[in-house]
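Subject: Structure handover

Hello,

Here is the structure for you to look through. Please open it and keep it beside this email as you read.

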Amino acid sequence: MSNKVLEELKIKGDEACGCFRRETASYIKVGAATCGRSAGALEVLDAFREAARENSVKVTISEVGCMGHCYAEPMVEVRKPGWPPILYGYFTPGKAKALIKRFFLDDDPGLEWAMGAMERNDLIPSVLDTPRFGKEYRAVLKRCGRIDPENMYQYIANGGYEGLAKSLEMGPDEVISVIDKSGLRGLGGAGFPTGKKWKICKMQKADAHYVVCNADEGDPGAFMDRTLLESDPHSILEGLMIAGFAIGAKKGLFYVRNEYPLAVERIEKAIENARNNKILGDGVLGSDFSFEVEVIQGAGAFVCGEETALIASLEGNRGMPRPRPPFPAQAGVFGKPTVVNNVKTLANVSYIMRGGAERFASVGTGSSKGTALFALAGKIRNPGLVEIPMGTSLREIVMEIGGGVPPVVKASELAGSVPKRVEKKFKGVQIGGPSGGCLNEDLLDTPVDFDSLQSSGAMMGSGGMVILDEDNCAVATAKFFLQFTQKESCGKCTFCRIGTKHMLDILEKFAKGQGSEQDLENLESLARDVSMGSLCNLGKTAPNPILSTLRYCKDEYRAHFEEKRCPSMECQDLIAYYIDPKLCQKTCDACVGSCPTEAIFTRPDGIKAIEQEKCVKCDSCIQACPPQYDAIYKVSPIDDLPEEAKNAAPVQDGKT
Amino acid sequence: MNNKVKINIDGKEIQAEAGSSLLQAALDNDIYIPHLCYLDGMKEPHAGCRLCFVEVKGLPGPVTSCTTKVEDNMVVRTHSPDVDRLVKHAYELIISTHPIVCKTCPANRSCALQDMAKELRLPLKPGKLNKILPDYPIDDSHPLFILDPNLCVLCGKCVFVCNEVEGARALEFLFRGISMRIGTAAGLPLAESTCTGCLKCVDVCPVGALSRKANQVQAG
Ligand SMILES: Cc1cc2nc3c(=O)[nH]c(=O)nc-3n(C[C@H](O)[C@H](O)[C@H](O)COP(=O)(O)O)c2cc1C
Ligand code: FES
């Protein structure tokens, strides 16, 4: 049986998508979510429109969401009859203008700008044959970057709201059992089985139930939730409505981080469109289920993503976690049973209800079904958003999909100089943001699923993955995350408020080459007790970056206070810059000009030297020194500087 | 209504009100469990001080007794290596941010920290931790009492009575992380805030952060 309201909407949807589907159709899609926009996607969009007009080219030019490849933004997809759809990266308005002419007037697709064809064909190599695309499994990202997120009809033409229609037909209990059977676990961090959470909530006797979409995404470096909200907002709205229907809620809330204006705008537009088309409001899709949705902007604190703090914040109180139980599913918003689910979880809900539990569960591992979404960042060739089957190994994600650690390339403006590539070694990957852990090379074969990550000392978290190379120091990395958690601690409980501060203080000491074995011991015992004694998971997980780096890089910690040496040359207080007189080319003064503090001077013999006291360790001179000389490097400990370099100073000519 | 359950704490059989917290049950029976933030009558325990850990048979690892409800036949131990270590650490963390100025402190000899030190047989010292002392301005704008945030242990009792009992909504938690402190909503001096002068906050303060002004001591 099919839903009458949805069938009618589908007809309109097919019209809206005809321009993309027909064999004879030409289109240009520009990925213009926050990431694309900041790389200049809107300018590219304008350039395409202008050039099409000027050259009287008939082509549908449309804004779509994020295509997921941050390294290549802005990205565009272009299709012309006779050619497969082609994906271009690193686009510019100039290229846009040129491409209109070349491709649409002269039939030259500008392949030197292309990343590849979007489908396998005989003409152009396809991106699907590269690991970045080939290993991905796009379930919830399927429509991201493919449809116009503000056009509900395009969503509907691509299977949108079918899951909701099926749910309405099944009835709440059946929906819960489908979600239960699928094995879906919450993707907001904790991995709690979604079906079970819904069941508990539904069981509670109360005059109202609520469902909340947690879109407070605050992990540094994470942007999966933002991307989904910006690129496919209806899929989240659909998931929220299905959850509401299943647990008997009449009201749903979006709690969106206030730094996400475009996400708020898109989700509000989606709500309005859905309401105007009988999808939302009284009598959803012609049924007797009624549902309303409200968008609430977060208070701007990381801890407000914690579900009990989120609820406090929704109620207008200070965002502070409270002890659980009772869990929100038992007593949540205004004391009423409340399901809090993450954005990605809800996206999966619509996916499951549309295609069935079996399709979903056919991917993944025994206890972690479906896909995981990760934001790859840090020292990696292809950063961006990836969706992979649960159970994919870290090695595949980092080395193949992400392309591994990129070399540092030093180029020079000097005529005739050849850029020099310095290969960098992979050091580790920090998974799960500030609450996660750092896994080193030996653990690269760990499969990415809830349980394997947990037992290796990291955690799924909400899906940030920061890749570190040999230039990243374990102490500095732990310090970075502890600074974050200490600042973001709500302050309510002793261990988190004061314990994280003591841990941070010790790390800061180490980074300066101070401290002792006793401090290391104190750090370990603080880390253990803060994680055991804190009230909420912010505190419980805050020591993870310390515990995991201590597990794998304890010697690196010791080098800091025992030898005043930072092996990765990252801790500023323990390094010095040195110009090797044997390598310095006297006539070149690239470094002198690059120094912002005039710390570099020319010795009487023409060789350059650094006045250590003035040096701010900004790295500019190393960048500036032409690769064929490569005369400047860092040393640690500072004591390793040759004697003459320690006190180097320009010779005063008597005038002072 | 008077439903009683039987529980065993450290080998001692006691009767407790069904639905009450383990901490309350212990205190009612003269069994000492350190605590700072628990206040009978709160609609839910604050659970911030992290001092009231105990071990309950059947549960993995220590739990806070203020958030644990008594259950019939519960077997509880107020000491174990994990419990003792956590309690000591929480105590030392609190002391590490608390100025030891007993001589001039308005709460001298009626101070929860002094009492706890005695019970736990610990010095008023932060163990191996360094001191991290705050340096906040003292608010003595109010005719009846003084707020010295430097002495505050952030137990939250004053915030609770001010908001939930008196309904004055004058005191609240401000800032985050180590900078968290007690103050008035808009950062106004107490005298200009919505404070009603009920002094409930002073009465619940376990340390010297909230104290009556000298000329008020007798009257109070
Ligand atoms: C400090 C902290 C921050 C959190 N931030 C988020 C967040 O930004 N988004 C989110 O979905 N869950 C976050 N969580 C997890 C939530 O408490 C909760 O587990 C989740 O929203 C449940 O949804 P799920 O079952 O769909 O995963 C956070 C937890 C903690 C302890
Ligand atoms: S009394 Fe239990 S945490 Fe403070």
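Below are some notes on a sheet, the helices and a ligand.

This is a predicted model, in which local features need pLDDT of at least 70 and side-chain atom pairs count only at pLDDT 80 or more, while totals for chains, interfaces and linings use all residues. Residues are numbered from 1 along each chain as its sequence is written, chains are lettered from A and ligands numbered from 1 in the order in which they are written, and side-chain values use heavy atoms, with hydrogens and water left out.

The sheet

In chain A, four strands make an open sheet with parallel pairing, in the order E8-E7-E6-E9. Helices (H or I, at least four residues) and strands (E, at least two) are DSSP runs, numbered from the N terminus. Two strands pair if DSSP finds at least two bridges between them. Strand E8 (292–297) and strand E9 (338–342) of chain A are the edge strands, each pairing on one side only. On average, neighbouring strands of this sheet are turned by 20 degrees against each other, direction ignored. Six bridges join strand E7 (residues 251–256) of chain A to E8(A) in the parallel sense. Val256(A) is found opposite Gln297(A) in E8(A).

The helices

Helix H11 (residues 233–247) of chain A lies across strand E6 (210–215), E7, E8 and E9 of chain A, and runs at about 150 degrees to E6(A). Axes are lines fitted to C-alpha atoms, for helices over the stretch in contact (heavy atoms within 4.5 Å), and angles run from 0 to 180 degrees between N-to-C directions.

The ligand

Around ligand 1 there are 18 residues (a heavy atom within 4 Å), and Gly188(A), Lys197(A), Asn214(A), Asn342(A) and Thr345(A) come nearest. A polar side-chain atom of Thr345(A) is 2.7 Å from an oxygen atom of ligand 1. A polar backbone atom of Leu187(A) is 3.3 Å from an oxygen atom of ligand 1, and for a backbone N or O atom of Val340(A) the distance to a ligand oxygen is 3.3 Å. E9(A) gives the largest share of the shell around ligand 1, three residues.

Regards

Definitions and conventions: Polar contact = N/O pair within 3.5 Å; in protein donor to acceptor, adjacent residues only side chain to side chain.
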